[in-house]
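Please follow each group against the display below.

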Amino acid sequence: MKKLLSMLLATGMVLSLAACGGTGSSEPAATSEGGDAAATTEAAVADEDLDYEYGEHFWSDEPVTYTMMFNDNPVYPMKETWQTEGIFKAIKDATNVDLDLTIVDNSNYTDKVTLAISSGDSPYIIPKIYSEAAYVTGGGIIPVSDWVQYMPNYTNFAETYNMADDIDTLRQADGKYYRLAGLKETALQDYTLLVRKDIFDAAGYDVTELESDWTWEEFADVLKGVKDYMVEQGMVGADDYIWSDMWCGQTSGYGQGGCLLNLLGNSYNLHTGWGITGNYGLVYDPDSDSFISGATSENFKTAYSIIQDLVASKVLDPETWTQDDDTAMNKFYRGETALITTNRAQYVAQEEGITEQLGEGNFELYRIVMPTGVNNYQTENLRLECGVCISSRALDELGEEEFIKMMRFVDWLWYSEEGQTLTKWGVEGETYTVSEDGTYSLTPGYYCGGLSIAQTSDDQVDMREELGFACGNYMYGGTTELLTSNFSPDLQDFYDRMAEYRELRPIDPVIAFDEMDMEQANLWGTPLTDTINTWTINFAMNQQNIDETWDQYVAAVEAQNLQSLIDLYNTNYQEAKAG
């Protein structure tokens, strides 16, 4: 009998910069289906073989080397100084562990990971994994839930912040999970829109008042008004677009429409853009207690009608879904556009870029709370981040005792406060200091785009670019205090507004297929997703009128075994509920 591995109801948790998990304990998850190792810290420490306890610094008495995949981001490509002076030297100094890296460019990281795992030749440690489902059935990665009993930092954090339900969303058909996700005390919305507040104000739109409850339709009207103002002032021409976005096109849109369509989709209970990965556009409908096709729903049509209206009104640039990210950013820096997508890591670069072009004091930037669609939810609700998979090769080659030692190293580096602080801030006294009131500051020689800490003098170097700290291969989670330790006052203000204006989305039921059903879902779902994405981009670029071609689109999607896939989902779901 297949099992529904997690059905999580709304918790009523409100996004806050304060701790939301408390210190209340929770029972460990059930250990049926082969013995889940999501044990409490007490259980882990009680293991007579475990001499590495919560709060203890990891150190290998003998030098040891572990192989690791490394996602090399072209925005801050790896340098030799990362090994000789930076993060990898710091890790070795702290643990006596060398990391032998297989360096892979971000653009084909997923493909290279898939190839390495399927060939059985993967490095031991595989970080920055967003979805592990494709790797589970082949046996190339281990079920990490069998080993977390040897990871006291991980288990303590999960227990302290009551994360059993969140972790349950990772479980596969065998009741186990295969990815060590980044654990966050609370969900912090990262992606939003950055607007030129000075232009919006001059056009007569006070975004600080409007954002509390504006809808996408109202937001579109505001943008049309801003466009009219910019044309009247000679800032742009009538045929120019005032919104030309990044993270949607050829650099990072991945043919799905990227970040913007993900944000839009979440407002309408859809999986679209980046959000379509792994779910084939199917969404859980609480009214019918079943899975349905969001891609052929009225919500989809409503959402993309708004996008088409913005393109037709010469507000939103259709090149958003074809251009590279640098092109989009440069339009914003030059003052040709009035808004762009942002996140915490990108904000500093955006502020620096526009300052260089327009000059200090000639603009005002403001992170807005995203408009609403058919719900009042913020986009992000899981307290899990991308995470680490462990190659089966590691267990085979190291043997159990040395493998457990490696897992303790992983536990310290990714889940201890000491390790998380090291990978985020670097070495205390060298790259950062902490004041008596707990405020973190970089030392005078450094700034860091990845931490949204701007350069203040010409002799400073970017800590992430030069030394590799604050790097996406590591910064996955932690307490709210540590996660927000680099936040500027304006970012703190953004989260205060998010907490006041938006709610946290309930976590949907999670279904884990057995190997046969997973294979069937992929056979149906892959061409289905490709069809949806092709039409989605055409709609977003206004190349297909959604009203005129809606029936044709629905027929094309339904022809890709849509109903069969829906039935497969709901059969598993109902069997799981009954079982």
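The model is predicted, and the points below should be read with that in mind. Helix H20, which covers residues 515–540, comprises 26 residues and spans 35 Å between its first and last C-alpha, close to the 38 Å expected at 1.5 Å a residue.

**Helix H20**
- At Gly-525 the helix H20 bends by about 30°, and a proline, Pro-527, follows within four residues.
- After H20 comes Asn-542, a residue whose phi is positive, near 65°.

**H12 against H20**
- Helix H12 (residues 298–312) crosses H20 at roughly 40°, and the two axes come within 8 Å of each other.
- On the H12 side the residues involved are Phe-300, Tyr-304, Ile-307, Gln-308 and Val-311, which meet Thr-536, Phe-539 and Ala-540 of H20.
- Sorted by class, the contact of H12 with H20 holds six nonpolar and two polar residues, with no charged residues.

**H15 against H16**
- Helix H15 (residues 392–415) packs on helix H16 (residues 417–425) at an angle of about 60°, and their axes lie 5 Å apart.
- That angle makes H15 oblique to H16.
- H15 contributes Trp-412, Leu-413, Trp-414 and Tyr-415 to the contact, while H16 contributes Glu-417, Glu-418, Gly-419, Gln-420, Leu-422 and Thr-423.
- The residues of the contact of H15 with H16 comprise five nonpolar, three polar and two charged.

**The three-stranded sheet**
- An open sheet is built from three strands in the order E9-E6-E10, with antiparallel pairing.
- Strand E9 (339–342) and strand E10 (365–368) are the edge strands, each of which pairs on one side only.
- On average, and with direction ignored, neighbouring strands of this sheet are turned by 30° against each other.
- Four bridges join strand E6 (residues 192–196) to E10 in the antiparallel sense, and Val-195 stands opposite Tyr-366 in E10.

**Tyr-241 in its loop**
- Tyr-241 is located in the loop between helix H10 (216–232) and helix H11 (258–267).
- Apart from its neighbours within four places in sequence, Tyr-241 is in contact with Val-311, Lys-314, Val-315, Leu-316, Asp-317, Pro-318, Glu-336 and Thr-337; of these, Val-311 is also one of the H12 residues that meet H20.
- Although Tyr-241 and Ile-537 are 296 residues apart in sequence, their C-alpha atoms are 18 Å apart in space.

Terms used. Residues numbered from 1 in each chain as written. Predicted model: local features only at pLDDT ≥ 70, side-chain atom pairs only at ≥ 80, totals over all residues. Heavy atoms only, no water. Pairing = 2+ DSSP bridges. Helix = DSSP H or I, 4+ residues; strand = E, 2+ residues; numbered from the N terminus. Axes fitted to C-alpha atoms, helices over the stretch in contact; angles between N-to-C directions. Expected span 1.5 Å × (residues − 1). Bend = angle between axes of the 7 residues up to and from the residue. Parallel < 35°, antiparallel > 145°, perpendicular 65-115°, else oblique. Contact = heavy atoms within 4.5 Å. Nonpolar A, V, L, I, M, F, W, Y, C, P; charged D, E, K, R; others polar.
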